[in-house]
Amino acid sequence: MGPLSRETWAQRLGAFRASPSAFMAGPEGEDLGRDLLSDLRSEKLSELTKVSLLALSLEYPAELWPDAPAAEAAAASLLDTLDCLPPRSSVLRRPLLLAATTALVAGGALGPTSGASLRLLPLLLGLASGRDLGQGIGPSSEQRPLQATACECLRELESCKPGLLGGYLGLLRGLLGHGGSVGPVQPLSLLLALALRNALVIQARTKASLQGLLTARVSPTGGGPWNWTLAEEGDAHLQPQVPTWPAAEEEDCGLAALQPGLEEAQELRAAVAQLLDTSYLLTPVAQAQLLWQLGWALRGLRGHPPVLFKPQLVRLLGTAQLSLMHAVLALKAAFGEALFTAQDEALLLRRLILAAQHPALPLPAHLFYLHCLLSFPENCPLGPTGEEAVPLLLEPQLCRGLLPNLLLDPMALLARLHLLCLLCAEDEEKEEKGQGQSPRCYLEEMLASLWQRAALSGGPRTLATLCFQASYLVAHCLAGQPTVLTPLIYGLAQLYRARPVLAPHFVDFLDQVGSELGEPLRVVLQQEVVSRPGGDEALHWHLQMLAKVADQDAQSATLSFLQAAAVHCTDWGLQQALLRVCRALLRAGVGGGLADLLQALARQLEDPDGRDHARLYYILLGHLSGPKLGVALGPSLAVPALASSLVAENQGFAATLMVQDAPAPIQLSVGARRVEGPVPVLQLQVEVLEPVYSLELRFRVEGQLYAPLGAVHVPCLCPGRPARPLLLPLQPRHPAPTQLDIRALYTTPAGLTCYAHLPPLCVNFADLFLPFPQPPEGATLGFFEELWDSCLPKGTESRLWCPLGPQGLEDLVSRHLEPFVVVAQPPTSYYIAIRLPPHSRLLLKLETAQADGVPVVLRTDDWAVLPLVGDYLRGLATAV
């Protein structure tokens, strides 16, 4: 099959991008990667089409090369395609390098045993260095872009395989030392910073020295092997390679264990200084990443004070670039007072405050500066780690220009309000002399303004949302200050009084706030609702609120409100809202007057669905205890039915009121055999995996061989606690083995009643054996002879051979037949009498035992047991 046309590839790529997984599962998915690699060498396709094919391999490498062998083959094919390109200028060289790198990384094929890796790595390093192997790749006009691409590929490989370039730090330093004459500064700087950082971490973890890594100028492009030493020792799970703030956790990198010598320390400082000296040539984002990586690498290294960063700090304190300000704050979080003096800290804080107040600042930048103030990394922080507090040097008078006002964007208003809350936490109700209002007074006025706007009838939803967001922020930051929470509670109560339509917002607010505000606010809102007349036009919202806040407090007032409201609940929606309040009261344990209310609702509600609800609640109240009622009316995962709300209600607590099928946490087994009593008794051992209450075991036997068996009851079983054996009397109508079908009915700790089918248990023929009454002493032989003679002529006599195996006759009898022995002359002769319920008997004479077995003469008055007796005796030799 020849190469595909441009139109065909456009269709295939469109179908693939629409649903990659579906395309790969189809008939064309298997050949997509192979066709892509093949057509890259076709001269019939334009270079733009080939670039689109390479773009696909960059976006979906895991789908095209799903495993390491496929990725290895793809990378090798891409490198072959690169070698086949003509010497003229081509747009394919850089995408081919990127695609080969991506295939090796995504497929997990990068390693010392990969042929494609051994080809690609020297090629990339040669291109980055601008000499050796790189001089033969493309015309001179492409060398600069190829060098930048090679550096980016090497940085990606170093990120995925830390330590890969650890042996070539000296070479990279030399390239960077030549400045722009050798290669682009920014890709080389970022590559060297990443390789240096990984090498320091790996050497620290392996407790090794730098060993001249920073000075060696070894290059593998001359045909020598690649140095995989550090990569094999490195950890593939180092910190992420993007700037993060705050900095990585303390001591995670273990750099304190690295103790370079004097010469190595000098080279390390020289390498860091070299990178910092060229950082001004980088873009702001690249500078920020470079500073983060160097700061992270040196923050835990002994004997290396961060004084090298001081010139950069002086240069960047006045920057307007957000990424560089982020880097400065990351350095402050990493080094603290070791790099920043108190004057530096004050200057940086003022810089953030002034920048946040700039009138022309875009909203994202404004929010960034406010976030920096809220999370400012201090030199000497007070309090536990992670506790929110304003910076120590940030005084209220400095923040006068950052106080919130109603004209701000909602996000900016909330951020400034957050800062104001933290100032209030430090203020402790002390007004500053000569400074006007205290932050606490301003906060109360701000909240009052927000409540006033939210209370406007017909106001937009955004105002109400902003009001509750601000209230939650205040409650979160000042939860331990009653002087703030008390006005907040009554302010919210007044807001509800003015606009009950905000009841859904109040319900969500109560779900989010803690108990410090939630409990008193719930009480106030309940009083506010029940003080209203039952016929209020906002009755629907009052009922919705009462369903959230109603409990045992103020029972009489709540029930009086509901009785008055019931007269006005004429439509289905109001009736359901009223019944939801009754449900909440049921769960809270309210009785007494609630029963009278439910009876009245069951009679007077017009909608039959509502009457059924009320009648059902009344029945539950009268028949279930408090805990069971709480479980029955609790949240349910059942999907509600749409035909009737009563059906949905039933689905909500059917799990509690109905018996459920469930896998039983019960294991049942047959214990030691009991041979006493008038009927055979099966001794059962029971174990449970979780607590089980009110257990009832039901047994059933197929057919008519046994009379119906009674159930066995156990009050409580707990895992790990030994349980007494359960005794199951058997009533066979014919002496034959059978199988018991077992069902278990029990209650879980959650109050659910469950029904389970347990594995069946076998009743063996020997489980039915019972001994005859013990004859008087001295009359045992006569007693046995009398039984022996009574079996004939109605019964039958038979002879068979009982193998003994390695055990002798005496051991066999003592282990299996001891309770039934009537006459014994050990070790050669035993007379055995067995009673088989209901009315049969089995008599055995075991005499003249031989080495391998014993002849057995048996008599029985029941012909049907002969096959069972034969199987039983022949199996004794192998029985445990």
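## Helix packing exercises

In this predicted model, helix H8 passes helix H9 with a left-handed crossing.

**Exercise 1.** Work out how H8 and H9 are oriented to each other, and which residues make the contact.

*Solution.* Start with the axes: those of H8 (residues 115-129) and H9 (residues 143-160) come within 8 Å and cross at roughly 135°. An angle over 145 degrees would count as roughly antiparallel, and 65 to 115 as roughly perpendicular. The pair is therefore oblique. Next, look at who touches whom: H8 brings Leu 121, Leu 124, Leu 125, Leu 127, Ala 128 and Ser 129, while the H9 side includes Leu 146, Ala 150, Cys 151, Cys 153 and Leu 157.

**Exercise 2.** Check the span of H28, then find out where its buried residues sit.

*Solution.* H28 covers residues 593-604, twelve residues; at 1.5 Å a residue it should span 16 Å, and its end C-alpha atoms are 17 Å apart, so the two agree. Now pick out the buried ones: Leu 594, Ala 595, Leu 597, Leu 598, Leu 601 and Ala 602. Looking down the H28 axis, they fall within an arc of 160°, so they line one face of the helix. Finally, what covers them? The cover includes H26 (555-566), H27 (572-588) and H29 (608-623).

**Exercise 3.** H26 also meets H24; describe that crossing.

*Solution.* The axes of H24 (residues 515-530) and H26 come within 9 Å, crossing at roughly 40°. That makes H24 oblique to H26, and the crossing is left-handed. On the H24 side you'll find Gln 526, Val 529 and Val 530; they meet Ala 557, Thr 558 and Phe 561 of H26.

Terms used. Residues are numbered from 1 along each chain as its sequence is written. This is a predicted model: local features need pLDDT of at least 70, side-chain atom pairs count only at pLDDT 80 or more; totals for chains, interfaces and linings use all residues. Side-chain values use heavy atoms; hydrogens and water are left out. Helices (H or I, at least four residues) and strands (E, at least two) are DSSP runs, numbered from the N terminus. The expected span of a helix is 1.5 Å times one less than its number of residues. Buried means under 20% relative accessible area, exposed over 50%, partly exposed in between (1.4 Å probe, protein chains only). The arc is that of the directions from the helix axis to the C-beta atoms. Contact means heavy atoms within 4.5 Å. Axes are lines fitted to C-alpha atoms, for helices over the stretch in contact, and angles run from 0 to 180 degrees between N-to-C directions. Angles under 35 degrees count as roughly parallel, over 145 as roughly antiparallel, 65 to 115 as roughly perpendicular and the rest as oblique. A crossing is left-handed if the near helix is turned anticlockwise from the far one by less than a right angle, and right-handed if clockwise.
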